[in-house]
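Work through the exercises below with the sequence and the structure in view. Try each task before reading its solution.

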Number of protein chains: 12
Amino acid sequence: MTKILVLNGPNLNLLGTRQPEVYGATTLAMVESACVKHGQMLGMAITCFQSNHEGALIDAIHESKGTQSGLVLNAGAFTHTSIALMDAIASVDLPLVEVHLSNIHAREEFRHKSFIAPVALGQICGFGSQGYLLALDALASHLTAAGLR
Amino acid sequence: MTKILVLNGPNLNLLGTRQPEVYGATTLAMVESACVKHGQMLGMAITCFQSNHEGALIDAIHESKGTQSGLVLNAGAFTHTSIALMDAIASVDLPLVEVHLSNIHAREEFRHKSFIAPVALGQICGFGSQGYLLALDALASHLTAAGLR
Amino acid sequence: MTKILVLNGPNLNLLGTRQPEVYGATTLAMVESACVKHGQMLGMAITCFQSNHEGALIDAIHESKGTQSGLVLNAGAFTHTSIALMDAIASVDLPLVEVHLSNIHAREEFRHKSFIAPVALGQICGFGSQGYLLALDALASHLTAAGLR
Amino acid sequence: MTKILVLNGPNLNLLGTRQPEVYGATTLAMVESACVKHGQMLGMAITCFQSNHEGALIDAIHESKGTQSGLVLNAGAFTHTSIALMDAIASVDLPLVEVHLSNIHAREEFRHKSFIAPVALGQICGFGSQGYLLALDALASHLTAAGLR
Amino acid sequence: MTKILVLNGPNLNLLGTRQPEVYGATTLAMVESACVKHGQMLGMAITCFQSNHEGALIDAIHESKGTQSGLVLNAGAFTHTSIALMDAIASVDLPLVEVHLSNIHAREEFRHKSFIAPVALGQICGFGSQGYLLALDALASHLTAAGLR
Amino acid sequence: MTKILVLNGPNLNLLGTRQPEVYGATTLAMVESACVKHGQMLGMAITCFQSNHEGALIDAIHESKGTQSGLVLNAGAFTHTSIALMDAIASVDLPLVEVHLSNIHAREEFRHKSFIAPVALGQICGFGSQGYLLALDALASHLTAAGLR
Amino acid sequence: MTKILVLNGPNLNLLGTRQPEVYGATTLAMVESACVKHGQMLGMAITCFQSNHEGALIDAIHESKGTQSGLVLNAGAFTHTSIALMDAIASVDLPLVEVHLSNIHAREEFRHKSFIAPVALGQICGFGSQGYLLALDALASHLTAAGLR
Amino acid sequence: MTKILVLNGPNLNLLGTRQPEVYGATTLAMVESACVKHGQMLGMAITCFQSNHEGALIDAIHESKGTQSGLVLNAGAFTHTSIALMDAIASVDLPLVEVHLSNIHAREEFRHKSFIAPVALGQICGFGSQGYLLALDALASHLTAAGLR
Amino acid sequence: MTKILVLNGPNLNLLGTRQPEVYGATTLAMVESACVKHGQMLGMAITCFQSNHEGALIDAIHESKGTQSGLVLNAGAFTHTSIALMDAIASVDLPLVEVHLSNIHAREEFRHKSFIAPVALGQICGFGSQGYLLALDALASHLTAAGLR
Amino acid sequence: MTKILVLNGPNLNLLGTRQPEVYGATTLAMVESACVKHGQMLGMAITCFQSNHEGALIDAIHESKGTQSGLVLNAGAFTHTSIALMDAIASVDLPLVEVHLSNIHAREEFRHKSFIAPVALGQICGFGSQGYLLALDALASHLTAAGLR
Amino acid sequence: MTKILVLNGPNLNLLGTRQPEVYGATTLAMVESACVKHGQMLGMAITCFQSNHEGALIDAIHESKGTQSGLVLNAGAFTHTSIALMDAIASVDLPLVEVHLSNIHAREEFRHKSFIAPVALGQICGFGSQGYLLALDALASHLTAAGLR
Amino acid sequence: MTKILVLNGPNLNLLGTRQPEVYGATTLAMVESACVKHGQMLGMAITCFQSNHEGALIDAIHESKGTQSGLVLNAGAFTHTSIALMDAIASVDLPLVEVHLSNIHAREEFRHKSFIAPVALGQICGFGSQGYLLALDALASHLTAAGLR
């Protein structure tokens, strides 16, 4: 069975507990659970991991090599600053879809730059937690088209 | 029934007829047809329009006001240069999803900038023609969540 | 009788029909009608044209050569991007007043740059539709002072 | 009766006395006198002040609070460098029209930037001394429309 | 017989009718006629097209695919701003020579940048209307050397 | 009792042990102890934490939510690079005072930029270890004025 | 007795009289009076001066040489533009604390730059009028530590 | 007799009284006196003026029109920021030599830019107070060569 | 005996296991082992450490103070972004040689910048794993020349 | 008879001997010989000179004054860096055509800038050694049109 | 026997004769002699050349083609400015190691840029004259590994 | 007797022979002769050298060490590009005065930058050939004041 790692970066653990009247009450646990469920529908086994530590995310990406078929990554603020994450992704050579809850290109200038993009299959941003499900759809299609599942 | 306009900008009419061994044999007609079919599944009536003329795209966006519930736009190269398109979208105040076949953030620096993004719901890029279907999914969810259908 | 062309660029056709509670209910037709009336007072015959097509605006500028004594131009978003419009104005060598409804220098950085300014007599911005009438006043004075009427 | 302060910044005291064969023979006194006369026609009492001292201009702006209904300001070279003037205008919260004799956007790059613009109603430039009269017209219309006279 | 399309962009229709004492009296018709004649000498059938509409130029480039062996393009002001034209040229994959009447690298900074150059065989600028004939010479040599005629 | 977290970032653990003849012999322990004592005077219970790990600092900020009334942060070098820390602070929505031992605006250009500033109440820099005590004073006043204690 | 000059720059004379419902009702006179009182507590005699004239501030700084032991300076908008003030401070070689009512690093980009910082002991910003008192505390500690009182 | 105004800008009044062991004991009075004496040798009557007020310098430049044959200006820090001074010099149309005590091109980047240079005959910097005498020599030669004395 | 710490940053743990046909089959363990062996030859005891965590690298640098005589550091991607690492190295004041496997100055622009360089003895890049041995040679010479061993 | 100097700059002596399977086997001698022959056809006597020394090229340009009617220059890498060559060309005031073998505007950013262009008649690039012949054609036409032969 | 050319650029002839108490007494002759000796140890015949003339260095590089197996180059100040040297190295297609006595990345910003790097095997800087010997070591290893000796 | 070298860089050999009606008829020989004569008056023996070769100028500067007491340098266009010249001057550690015929700060932006300035005593520009004599005056004063003659 196709295995996919859904990775979340800094501050995403606070999802749903922060200003729920604004950002909605969907917690990270709920997002991850929705991913697992959506994965089942697509025939993909989803593992989830979140960390506020750049090094822990790099470690997780390294470990995905040989054990996972693809990655979904919301690197949060590391998106704009972490060349180390970019290199980690390039090192494992797995298809990766970049996700952002908000439309980063409609926010502050420094959020337009992504160090993840050059090593990602594609980017999905602005659709809140639904973006993760769209990312899984995209990954499923890609793996099928590439004969990788 | 929810009505959606799928807009394609300059050079996208050549889709599928240009270096098919590289870009695939999917023509714009096939993409548009897949959109219509995917729309039916989502309960959305899809209209499609392509032009190499910036003015014609602006006219089409204007006309969508009051007749459409949302837009999917692949503005091609105009994405990076057309403030007029940005203003047109802001003027009609309809939810719009920005789509790109390729991952524009992994290409030349001048393709990273999007004048569409600040007035779009979100952006999907890098997944080829499947991006249009993901955009329709995102638009359907948004309209439902916002009580607009 | 002195003949003046009042040219409006992209999205200005939506004037008055978009968020009237915010921008007011003055339509482009009303603005153009006010220009015609104000022109009569100044002894100037006003012709009006609007297009969302950069090429159509260039064609109109070309045609004004030999048939008009001056131009009033609100190039909308093309102000900030169109070197072609700048060259067109330079080609016909007629006095032109640049108008903007909003104070473009108080908005986003990319709206501060004008490719029209280097070939315009002067610029009037921030006074809404009244700016067109001030522009006609300025043009009338200029033509009189220059002995062109 | 509506009271308006017409403020002129550095070097504008030399108007008309410098290279009259080029810039014309209109002195600052004549411009101010024309403003007073044009104000009478518009039902506005005009006071005029010029200084080469940035501090004196700031003082004058401060004093206009509670005594004037609006301002016309040609800040000369301070336009491009004085954040203090910008803050002064923001402090008194009066409608202000920015005027320049020449079309500053058609001159050296460093004259394109205006620190006055973000706190001004609008800008009029390129029409010589007539610009002051157009500014008074614009201010009169604004005050009437805003029910401030 | 080798077929070549000579394309001219915005404002080039005014050639020869504008300030003939400065720019010379050579009209666009005369340039095109000289191209046709020079083409005959080189064994190439020349078709000419001019438009002030970016979209029309893109359409013409698209249509040249499969019907022409090469292109000569003076994109005028679009040279510096049109990524869409660049993409159109890349799409049709035909040899193209970029021509400019004036030496664009000796003019304003914003005219030094060419979006056409990265997809052109080469660039010829500064030689007035003779540049078109040199471009045809270059194209003829290229096609011969590449065994394309 | 008001609870305040005093956070120190990378390399601040070396305080006082490095070149004491230059930087003085005040160790981090002494600074933290002075903070606790000063807090007692202000009626505030001070907790201290230092880490060279960006992730650990983010975790600590997250945990302060609901348990602390405010933060004092010397983010060291992360000040200039960590968007993740900025987002963490914005997420917990607690008043935070930014402290630096040295006057960062008088040092290398890259130390002038602070990603902490946009989400901080204010900044105190250049006063060595005394800056922490001033920060506690400022925080105490702010909490009192805002009725948060 | 230690003597300290508290200097305020352009527009700070309006403090408290401008939009009191927003900025509070504390006037400059009240701030200066609080400084004098706080100075008494610290054993420092405070003199206060405010001017909207850059030259007057420079003169005051020059005069402080030999008569004062230190300075507190809120240079307002001159902070970002006045190299002359920077040079004046460097010339008198007295310890100076830079104060700003608002957190300048959280405002417009052009307010992040300080020409005062390179010649100041340190900077305190974002704490409103309390910042002046913190500045006096910092100055007192510095003078004591340096054996200057 | 040829009359020359020697103008000094902000902070130059402190010359000689500040760190005399470093900068030497030459005061501004001594520099001015040396200028007068050197002027006598060159047959030029020297007037001297110093101010820390930009406005006062502008006033002095205006007044030199018609009364002086040339100017020597050390604008101090205003050199790098004052467009108003540049415009004042351009307005009076007198030959002016720019002087700096230090070699400004060997100091901080922001001291390399001179707004005086574009309207000055030439620049002399780096030779301390001798620079003024060299400037008078240069001015004398220029006036003689130009037949202005 | 001279003790040297060889530090490796993010992603270097993957050395040799990633695309061995391209990058060679030399693993990090083999590199470290070669360093130890080369160190023996030079009379230096080598300790090795690798981490993907910036904080762990900072901790290791801190711990080297007083226990090691020098460092060899390949900071990987942190080279280009970590001011915290730079500060850590400056804090321990030990001679450090910067190593990179690839010639970073021949790669993407963002890899040309090194925050390690300003606090390093020197830099060696582009020679693959041999670079570490050259670094040890350089360090040995430096320590000998400086009388530090 | 019209005399023309064909100048080649650094590294062009290696033409044809370097990677002939890529760049072709045309040597500089062959290019120069083709120039001479083409010149005969155009009634122009061609002299050729190549040097890797900037100074030698400047000397050659100086010597062309009074002895040559025009120049063809491929300055190689000096094109992008040599202001001295630009000044040399401006000094001799002869018509010069700038040639490049490759399309410099399609290569690295630093090759887009030409210091030769502002003092050249025009530029021809991208057509390999044929560019020299086109340059001679252009020069011949120019000299004829200008009545210089 | 493997032949290597050691090239030194501008000002390196002064090595050892300039401020020997600071830079040491090692002259260029001594460095070159050490290279020859070290080469013998590595089985490489070393030839040395120094020039202050960019053209002479280019000539020497050209001549190394076919006669040498590799190069060691300290281009001095030409490193940062000479595209011509870069092109020369690319033309001869020999392995080259870039050496600098000082750590150029720790000096002025303009010394960080190297035009040599993109065509060099690697770079060694900051180790004084020992860098040349390390470069020979690196070159020896490279040639052996690549089977070129 | 004090010995001074007057060095002239590229294109200055053409002085006086180029457009004499514009630049005057003063040749380089005349300038050098005036320098020699002026030197005699100042008790300084002047040697002159001009070259269009950067390397020859560097050689000359090197040779001045130990034989000359100071230099006057007009580096022409090399002023703006030659780091090698800057390093050469720093190497010989002799007082040098930078001269330019024109006011380089009033010309094109790229002529404002001087690589000579950071290693020069001072700069004199804009006074034509008289600048050389002023430079000798400045050098004489400096050498006297520094007790170097």
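A crossing of two helices is left-handed if the near helix is turned anticlockwise from the far one by less than a right angle, and right-handed if clockwise. This is a predicted model, in which local features need pLDDT of at least 70 and side-chain atom pairs count only at pLDDT 80 or more, while totals for chains, interfaces and linings use all residues. Residues are numbered from 1 along each chain as its sequence is written, chains are lettered from A and ligands numbered from 1 in the order in which they are written, and side-chain values use heavy atoms, with hydrogens and water left out.

**Exercise 1.** Describe how H2(D) packs against H5(D).

Step 1. Identify the helices: H2 covers residues 28-42 of chain D and H5 covers residues 130-145 of chain D. Helices (H or I, at least four residues) and strands (E, at least two) are DSSP runs, numbered from the N terminus.

Step 2. Take the axes, which are lines fitted to C-alpha atoms, for helices over the stretch in contact, with angles from 0 to 180 degrees between N-to-C directions. The two axes come within 9 Å and cross at roughly 30°. H2(D) is therefore roughly parallel to H5(D) (under 35 degrees is roughly parallel, over 145 roughly antiparallel, 65 to 115 roughly perpendicular, the rest oblique).

Step 3. List the contact (heavy atoms within 4.5 Å). From H2(D) come D:Val31, D:Ala34, D:Cys35, D:His38, D:Gly39 and D:Leu42, and from H5(D) come D:Tyr132, D:Leu133, D:Leu136, D:Asp137 and D:Ala140. Sorted by class, these are eight nonpolar, two polar and one charged residues. Here Ala, Val, Leu, Ile, Met, Phe, Trp, Tyr, Cys and Pro count as nonpolar, Asp, Glu, Lys and Arg as charged, and the others, Gly among them, as polar.

**Exercise 2.** Are H5(H) and H5(L) roughly parallel or roughly antiparallel?

Step 1. Both helices span residues 130-145 of their chains, and their axes come within 11 Å and cross at roughly 155°.

Step 2. H5(H) and H5(L) are therefore roughly antiparallel, and the crossing is right-handed.

Step 3. H:Gln130, H:Leu134, H:Asp137, H:Ala138 and H:Ser141 meet L:Gln130, L:Leu134, L:Asp137, L:Ala138 and L:Ser141. The contact has four nonpolar, four polar and two charged residues.

**Exercise 3.** What rotation relates chain D to chain C, and through which surfaces do the copies meet?

Step 1. Superpose the copies by least squares on the C-alpha atoms of residues with pLDDT of at least 70 in both. In chain D, D:Ile124 has the C-alpha nearest the axis, 2.3 Å from it.

Step 2. At the interface, 19 residues of chain D are in contact with 19 residues of chain C. 100% of the interface residues of chain D are also interface residues in chain C, so the copies meet through the same surface.

Step 3. Buried area is the accessible area (1.4 Å probe) that two parts lose on being put together, summed over both. Between chain D and chain C it is about 1,600 Å², with 59% from carbon and sulfur atoms. D:His105, D:Gln123 and D:Phe127 supply 30% of the area that chain D buries against chain C, more than any other three residues.
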